[in-house]
Amino acid sequence: MEEKLKLYLRTMVSNKGSDLHIKSNSQVRVRIHGVLKVMGKDVLTSEMVDKLAREITTADQYEKLQMDRNLDFSYILGEENRFRVNFFFQMDGLSAVFRVIPVEILSLEALKLPPVIKTFAQIQRGLVLVTGVTGSGKSTTLAAILDKINREQKKHIITVEDPIEFVHKDRGCLINQRAIGQDAHSFSDALRAALREDPDIILVGEMRDLETIDIALHAANTGHLVFSTLHTLDAKETIDRIVGMFSNEEQNRIRMSLASVLEGVISQRLIPTKTGGRVACIEVLKKTARIEQLIAENRDNEIPDALFEGKEIYGTQTFDQALLDILRNNIITEEMALEYATNPADMKLKMQGVGKGALVDNNAADKEVEVFELKEEADEIGSEFF
């Protein structure tokens, strides 16, 4: 089964896929540019998927899977391909998802992220969050920021991940990477221990629970630079989510703490392009005196206006501003812009040339955008994409 898995994974990589889905008593599927496609004609039985799990996990990992009913770990294929794996039980048996982890860490410039994001690599202390839905590129952005720090500074960096995704080599920085399950019992345990390990920078793979969030805020308050991720759509929702996780009695304290330490929020969404690929649309919050005041005074509804107005001076931007820039560059269609807009009615007016920041020229010259071409390099497993 592992040999069959390798064929599936190589086919996915050659076709620029992001996720391989294996489900008991079903055909294998692959996600390419956000769309699930069937790969091959074989139906994998529950026994076959269980056999695969036994082959690619250790005895301890397989036992943990049986006990916890899900398991996270990394799978390495050759020297160039790494995958984040999640096995889980469902009504028909086992299922698994293999997420591609690029071995090469791309620079912020190569990722074409907003220039203001570079400034987050120069911050000495505080909290920087990268948010978005699963598969929106949060880990890739964090890896690029950490790599920039690693190349330009001399710091001690500790990462706590589940599992470890991008592997960072020691360059200017000393980097210790810890995997939950293998090197630590939980995010909160590892984060609490990190405070006694002389770190300058701590990366928490995900702020999953109240205890982890509280310790992360404490770490940022005590002079450390903390990076982490949340599954939220924008800056306003991120702040509301963090504060809302605490009891009513604690919320004022947490809000004041967050106002003090939050240095930035990078919120990402991937938008389908005209050519069949996807482009990153990014909202950026950067700490200013106004942003700090709005958070402290529970005026989160005014944050989008502050981001909109701070674009020229601070480099901040809302999703809709970023979306309009992408549309202006003729990368996406008007229909996609309206579908993904935070405020579709306002977006429609701007597309018609009405309002501040309106689209003046909707006929910008076509830009070169990478065209996705499907390769069929897995004849040995009879793959068919449709």
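Helix 7 (residues 235-244) and helix 8 (residues 248-261) have axes that come within 9 Å and cross at roughly 140 degrees; axes here are lines fitted to C-alpha atoms, for helices over the stretch in contact, and angles run from 0 to 180 degrees between N-to-C directions. Helices (H or I, at least four residues) and strands (E, at least two) are DSSP runs, numbered from the N terminus. This is a predicted model, in which local features need pLDDT of at least 70 and side-chain atom pairs count only at pLDDT 80 or more, while totals for chains, interfaces and linings use all residues. Residues are numbered from 1 along each chain as its sequence is written, and side-chain values use heavy atoms, with hydrogens and water left out.

Helix 7 and helix 8 are therefore oblique to each other, given that angles under 35 degrees count as roughly parallel, over 145 as roughly antiparallel, 65 to 115 as roughly perpendicular and the rest as oblique. Their crossing is right-handed; a crossing is left-handed if the near helix is turned anticlockwise from the far one by less than a right angle, and right-handed if clockwise. On the helix 7 side, Ile 239, Asp 240, Ile 242, Val 243 and Gly 244 meet Gln 251, Ile 254, Arg 255 and Leu 258 of helix 8, where contact means heavy atoms within 4.5 Å.

Helix 8 also packs against helix 6 (residues 210-221) and helix 9 (residues 289-296).

| Pair | Angle | Axis distance |
|---|---|---|
| Helix 6 and helix 8 | about 45 degrees | 10 Å |
| Helix 8 and helix 9 | about 170 degrees | 8 Å |

The angle of about 45 degrees between helix 6 and helix 8 makes helix 6 oblique to helix 8, and helix 6 passes helix 8 in a left-handed crossing. Asp 214, Leu 217, Ala 220 and Asn 221 of helix 6 make this contact with Arg 253, Ile 254, Ser 257, Leu 258, Ser 260 and Val 261 of helix 8.

For helix 8 and helix 9, the angle of about 170 degrees makes the two roughly antiparallel. Here Arg 255, Met 256, Leu 258, Ala 259 and Ser 260 of helix 8 touch Glu 292, Ile 295 and Ala 296 of helix 9.

The second largest pocket has a volume of about 630 Å³. On a 1 Å grid over the protein atoms alone, a pocket is an open set of points where a 1.4 Å probe fits, with protein on both sides within 12 Å along at least five of seven lines, and lining residues have an atom within 4 Å of a point. Of the 26 lining residues, Asp 72, Asp 162, Ile 180, Gly 181 and Gln 182 are the closest to the pocket's centre. Strand 4 gives the largest share of the lining, five residues. The lining divides into eight nonpolar, ten polar and eight charged residues, with Ala, Val, Leu, Ile, Met, Phe, Trp, Tyr, Cys and Pro counted as nonpolar, Asp, Glu, Lys and Arg as charged, and the others, Gly among them, as polar.

Asp 162 is also joined to Pro 163 by a cis peptide bond, with omega about -10 degrees, and Pro 163 is placed in the loop between strand 8 (156-161) and strand 9 (174-179).

Key: Points joined across faces, edges and corners; volume = space filled by probe spheres on them.
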